[in-house]
Amino acid sequence: MIYVVAHGWDGEPWRRRLKAHFPDREVAVWPEPVYPDQISHAVVWKPPKGLLATFPRLSAIHSLGAGVDGVLNDPDLPAAPLYRVIDPDLTTRMSEWVVLQVLFHHRQMPFYLANQARAQWRDLRDQPAARDVRVGIMGLGELGMDAVRTLAPLGFDLAGWSRRRKDVPGLVTYAGEEELGAFLGRTDILVCLLPLTPDTRGILSRGLFSRLARDGRLGGPVVLNAGRGGLQNEADILAALQDGTLKGASLDVFETEPLPPESPLWRVPGLVITPHNAAMSEPEAVSAYIAENIRRIEAGEEPRGYVDRSVGY
Ligand code: NDP
Ligand code: OXD
């Protein structure tokens, strides 16, 4: 049996599509009651802690998303292998968000929208070319690398930072804590596409913002985060936007989601907020991906998206 545990999401679209892939199998949706020992595949998004440990015959756990911090935070997570989504539909959605936000800040849209609200025709007459704007991608994984490929034709001066060294033709790359300072020091627009792990939690802090380039053509650094809210210190982002340490920011993810109405982040100028939908898991595409992984597992083939629990992503 396939059991869908899509906490906070509607499970029905997932049941319907997985059933279409496996018409002869039972596909159940949490919290409907099931016989735990009949569950072979758990398809999950933020499963309640301890729940998966009650399924004694799990062959695999399939994350409904690319990120797995909401699965790995279960102290009782069973040992069954965990797989995450690596799919062109999801990846392309993220690159759309990245390009949208990079261009939004690059083309000074916060300034022009504020003027539009006052019916003011003001032209900065100082629009830099993309080649003169340095974009730094934190995380050169599935999403970060696609963002690089999508931004490159626009002409931005690109660099990337990852845990392990990468050799990418045409891309300046930095690796590890030792090279973080050099990476930040040449970055005008920082794009964070890191996973949330013990090593990355809180990385987007005032200390990091103060190491970003201050001599860029945009007049101040900009930070974009579509990784996870736990990567950012929101009080630091607020203060940095207010005192000019940051010129702008776009956040898709937050420490608390939904972002509470009373959060001052809603009202700070220069900040773009999207509701954790930079790259939603589209049921048709992601069900097909998970179904293919189940098929591969059962055929003894290598599934995609294996998560290395020792590094947390
Ligand atoms: P990957 O696992 O493919 O890539 C992760 C990248 O981060 C790798 O390049 C990795 O380095 C790097 N990294 C991890 N830890 C560190 C560290 N301590 N220091 C430096 N670099 C590090 O993940 P994806 O690209 O598929 O996804 C990234 C994240 O995006 C997800 O974990 C999820 O949180 C988020 N996400 C958000 C969505 C949204 O809608 N907002 C949608 C989908 C995903 P290395 O290459 O050396 O291993
Ligand atoms: C994901 C997400 O991890 O949507 O896929 O956040």
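An oxygen atom of ligand 2 is 2.7 Å from a polar backbone atom of Ala66, a polar contact (a pair of N or O atoms within 3.5 Å; within protein, one must be able to donate a hydrogen and the other to accept it, and residues adjacent in sequence count only if both atoms are side-chain atoms). The structure is a predicted model, in which local features need pLDDT of at least 70 and side-chain atom pairs count only at pLDDT 80 or more, while totals for chains, interfaces and linings use all residues. Residues are numbered from 1 along each chain as its sequence is written, chains are lettered from A and ligands numbered from 1 in the order in which they are written, and side-chain values use heavy atoms, with hydrogens and water left out.

**Ligand 2**

- The residues around ligand 2 are Trp45, Gly65, Ala66, Gly67, Leu90, Arg228, His276 and Ala279; a residue counts as near if one of its heavy atoms lies within 4 Å of the molecule or strand in question.
- By class, this shell holds 4 nonpolar, 3 polar and 1 charged residues. Ala, Val, Leu, Ile, Met, Phe, Trp, Tyr, Cys and Pro count as nonpolar, Asp, Glu, Lys and Arg as charged, and the others, Gly among them, as polar.
- A backbone N or O atom of Gly67 lies 2.7 Å from an oxygen atom of ligand 2.
- The side chain of His276 has an N or O atom 2.6 Å from an oxygen atom of ligand 2.
- Of the 210 Å² of accessible area that ligand 2 has on its own, the protein covers 89%. Accessible areas come from the Shrake-Rupley method with a 1.4 Å probe; for residues, only the protein chains shown count as cover.

**Ligand 1**

- Ligand 1 is surrounded by 29 residues, and the closest are Arg84, Arg164, Lys166, Asp252 and Tyr313.
- The shell around ligand 1 has 14 nonpolar, 7 polar and 8 charged residues.
- Helix 3 (88-106), helix 5 (142-151) and strand 7 (157-162) each supply at least two residues of this shell. Helices (H or I, at least four residues) and strands (E, at least two) are DSSP runs, numbered from the N terminus.
- A polar side-chain atom of Arg84 lies 2.8 Å from an oxygen atom of ligand 1.
- A polar backbone atom of Arg163 is 2.9 Å from a nitrogen atom of ligand 1.
- In the side chain of Tyr313, an N or O atom is 2.5 Å from an oxygen atom of ligand 1.
- The protein covers 93% of the 940 Å² of accessible area that ligand 1 has on its own.

**Salt bridges**

- Side chains of opposite charge can pair when their charged atoms come close.
- The count comes to 18 salt bridges, each a side-chain nitrogen of Lys or Arg within 4 Å of a carboxyl oxygen of Asp or Glu.
- Glu32 and Arg15 meet in a salt bridge (2.9 Å, N to O). This pair links distant parts of the chain, 17 residues apart: Glu32 is in the loop between strand 2 (27-29) and strand 3 (41-45), and Arg15 is in helix 1 (residues 12-21).
- Glu32 is partly exposed at 28% relative accessibility; buried means under 20% relative accessible area, exposed over 50%, and partly exposed in between (1.4 Å probe, protein chains only).
- Arg206 forms a salt bridge with Asp243, with the closest N and O atoms 2.7 Å apart. Arg206 lies in helix 7 (residues 206-209) and Asp243 in helix 8 (residues 234-243), so the pair ties together parts that are 37 residues apart in sequence.
- Arg206 is partly exposed, with a relative accessible area of 30%, and Asp243 is partly exposed at 46%.
- The side chains of Arg125 and Asp123 also meet in a salt bridge (2.8 Å, N to O). Arg125 is exposed at 71% relative accessibility, whereas Asp123 is partly exposed at 44%.
- A network of salt bridges links Glu292, Arg295, Arg296 and Glu301.
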